[in-house]
Amino acid sequence: MHALIQRVAQARVTVAGRETGAIQRGLLVLLCAERGDDEVVADRLLAKLLKLRIFGDDAGKMNRSVQDVAGGLLVVSQFTLAADTSGGNRPSFTQAAPPDEGRRLYDYFVAAARVAHPVVATGEFGADMQVALINDGPVTIPLRVMPVAPRD
């Protein structure tokens, strides 16, 4: 599972001119499920991003998490994070989870985030979305959690 995390002063997502989600200070989370991902992977990714220390402390060091600063999460599905550009100029998205599985894992991730964190807004899975943000820093961090291979 891939996520591209952006520390934001504010962010919002609209679909067909209608705002579906917005936050003030927090994290914009662009999220992509890949083939083989499951709930365990989603839980590990969520735990990692909630504890990721990328907000400044009193000394200005990145030493606080989104939970420490009571920031929001804006979770937006983005299958294009699975792009493979090694074969030419047109990206391949064969590693992205099929749409029904991607939606199921996106919905699971959002539900788990809402249990674990007080402010969670979203985009709309599969929609043509416009995302507006003010990146704070700028701070942009890619996160990837891989499924754990079963042991023999």
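Leaving aside its neighbours within four places in sequence, which residues is Glu-124 in contact with?

A: This is a predicted model, in which local features need pLDDT of at least 70, side-chain atom pairs count only at pLDDT 80 or more, and totals for chains, interfaces and linings use all residues. Residues are numbered from 1 along each chain as its sequence is written, and side-chain values use heavy atoms, with hydrogens and water left out.

Apart from neighbours within four places in sequence, Glu-124 is in contact with Val-15, Arg-18, Thr-20, Ser-77 and Met-129. Contact here means heavy atoms within 4.5 Å. Glu-124 is found in the loop between β7 and β8. Helices (H or I, at least four residues) and strands (E, at least two) are DSSP runs, numbered from the N terminus. At 32% relative accessibility, Glu-124 is partly exposed; buried means under 20% relative accessible area, exposed over 50%, and partly exposed in between, with a 1.4 Å probe and protein chains only. Val-75 is 49 residues from Glu-124 in sequence, and the two C-alpha atoms are 9.3 Å apart in space.

One of the contacts, Arg-18, also forms a salt bridge with Glu-124 through the side chains, at 2.8 Å from N to O. Arg-18 lies in strand β2 (residues 18-23) and Glu-124 in the loop between β7 (120-122) and β8, so the pair ties together parts that are 106 residues apart in sequence. A salt bridge is a side-chain nitrogen of Lys or Arg within 4 Å of a carboxyl oxygen of Asp or Glu. Arg-18 is partly exposed, at 44% relative accessibility.

The structure holds 6 salt bridges. Another of them joins the side chains of Arg-7 and Asp-136, at 3.5 Å from N to O. This pair links distant parts of the chain, with Arg-7 in strand β1 (residues 2-15) and Asp-136 in strand β8 (residues 129-144), 129 residues apart. Arg-7 is buried, with a relative accessible area of 10%, whereas Asp-136 is partly exposed at 29%. Arg-7 also lies over the face of Phe-55, at 5.9 Å from the ring centre. A charge sits over a ring if NZ of Lys or CZ of Arg is within 6 Å of the ring centre and within 35 degrees of the ring normal.

Strand β8 also holds Arg-144. Arg-144 forms a salt bridge with Glu-34, the closest N and O atoms being 2.9 Å apart. Glu-34 is in the loop between β3 (26-32) and α1 (39-51), so this pair ties together parts 110 residues apart in sequence. Glu-34 is buried, at 8% relative accessible area, and Arg-144 is partly exposed, at 46%. Elsewhere, salt bridges that share partners join Glu-39, Glu-101 and Arg-104 into one network.

Rings of Phe, Tyr and Trp (its six-membered ring) pair if their centres lie within 6.5 Å; planes under 30 degrees apart count as stacked, over 60 as edge-to-face and the rest as tilted. The count comes to 2 aromatic pairs. Phe-79 and Phe-93 form an edge-to-face pair, 5.1 Å centre to centre with 70° between the planes. Phe-79 is partly exposed, at 48% relative accessible area, as is Phe-93, at 30%. Tyr-106 and Phe-125 form a tilted pair, 5.8 Å centre to centre with 45° between the planes. Tyr-106 is buried, with a relative accessible area of 6%.
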